[in-house]
Amino acid sequence: MDLSRMTTERRNQATLDLDTMTALEIATVMNREDRNVPLAIEKALPQIAAAIEAVEAAFLQGGRLFYTGAGTSGRLGVLDASECPPTFGVPGEMVVGLIAGGDRALRFPIEGAEDDGEQGKKDLEAHGLREKDVLVGIAASGRTPYVIGGLEYANSLGCKTVSIACNRESAVGKVAKISIEVEVGPEVLTGSTRLKSGTAQKLILNMISTGAMVRIGKAYQNLMVDVVQSNEKLQVRAENIVMEAAGVEREKARETIDAADGRVKLAIVMLLTGRDAGEAQALLEKSGGHVRQAIGQQAGA
């Protein structure tokens, strides 16, 4: 493939003298170029929404979300996957990030790993990819064989597949059932797709995982009600969330969280409905884990 035809590989006319710029000039031109990223993403919002809906549907039937990519793209997928358990209180295997070359590639380049399409399939096989799962293939260039191999395998199983690329008419987009293509323009440093392309990919992954989690009940209003209290900061955050949602003081928030066995969502429902832990849990189960609906059931009772 002729890389020179890809937008991600073209030279940026605004930075031809990058090597002569002052520190402030470099920061300024990078900031100016970065403004193009959200504008480019805006054009792909319908496709991003379709991806959110696909992941939501998968989660509701016990499926998982997989990310696959190489280099920066792979690292971003692993990052997003690793942040889902503490943020949303989900099992570690619910969102899985795979990178060409394995975990060592998170810190060190593994030469040639991205060119192995068969390995893209094998890595998914090793994790037991199933029909009800969703695979999101991430490739700034849109042509990474490791990603294409994974998408083709997922299609063969009947999975929903999504691609994220920063070039139009991408190879991954032709394979995936939902194609997200965001053309952010040539990079400040030619071909360095960890810059604008990486920023675009990160923003899109934020939308997909957060959107799907919110849709399955992992938020009340804009509060993350399934946050895991794994350290002192998060314990305080949990108290703050309950205080905001239920309008109580810190002491009452902590007392109710403890009575709810550490479950922030349950504590909120207990406070807003006046029910004990068992009754509040029954309301949550009936509402599919959605706090707003659980409270509505109490109001309509």
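**Surface, charges and salt bridges in a predicted model**

The accessible surface of this protein comes to about 14500 Å², and 49% of that area belongs to carbon and sulfur atoms. Please keep in mind, as you look at the structure above, that this is a predicted model. The protein has 301 residues, of which 48% count as buried, and it contains 13 helices and 5 strands. Along its principal axes, the C-alpha trace spans about 65 × 50 × 35 Å. If we take the contacts with a separation of 6 or more, then 64% of them are accounted for by residues 24 or more positions apart.

Let me turn to the charges.

Side chains of opposite charge can pair when their charged atoms come close. How many salt bridges does a search of the whole structure find? The search finds 11. In one of them, Arg 130 pairs with Asp 133, with the closest N and O atoms 3.8 Å apart; here Arg 130 is partly exposed at 36% relative accessibility, whereas Asp 133 is buried at 1%. Another salt bridge joins the side chains of Glu 169 and Lys 174, at 3.7 Å from N to O, and both of these residues are exposed.

A further salt bridge is the one between Arg 250 and Glu 239, where the closest N and O atoms are 2.9 Å apart. This pair links distant parts of the chain, since Arg 250 belongs to helix H10 and Glu 239 to helix H9, 11 residues apart. Arg 250 is partly exposed, at 35% relative accessibility, while Glu 239 is buried, at 11%. These two residues also belong to a network of salt bridges that links Glu 239, Arg 250, Arg 254 and Asp 258.

Finally, a word about the backbone in two loops. Gln 221, in the loop between helix H8 and helix H9, has a positive phi of about 55° although it is not a glycine, and Gln 221 is partly exposed at 48%. Asp 261, in the loop between helix H10 and helix H11, has a positive phi near 60°, and Asp 261 is exposed, with a relative accessible area of 70%.

Terms used:
Residues are numbered from 1 along each chain as its sequence is written. This is a predicted model: local features need pLDDT of at least 70, side-chain atom pairs count only at pLDDT 80 or more; totals for chains, interfaces and linings use all residues. Side-chain values use heavy atoms; hydrogens and water are left out. Helices (H or I, at least four residues) and strands (E, at least two) are DSSP runs, numbered from the N terminus. Buried means under 20% relative accessible area, exposed over 50%, partly exposed in between (1.4 Å probe, protein chains only). Contact means heavy atoms within 4.5 Å. Accessible areas come from the Shrake-Rupley method with a 1.4 Å probe; for residues, only the protein chains shown count as cover. A salt bridge is a side-chain nitrogen of Lys or Arg within 4 Å of a carboxyl oxygen of Asp or Glu.
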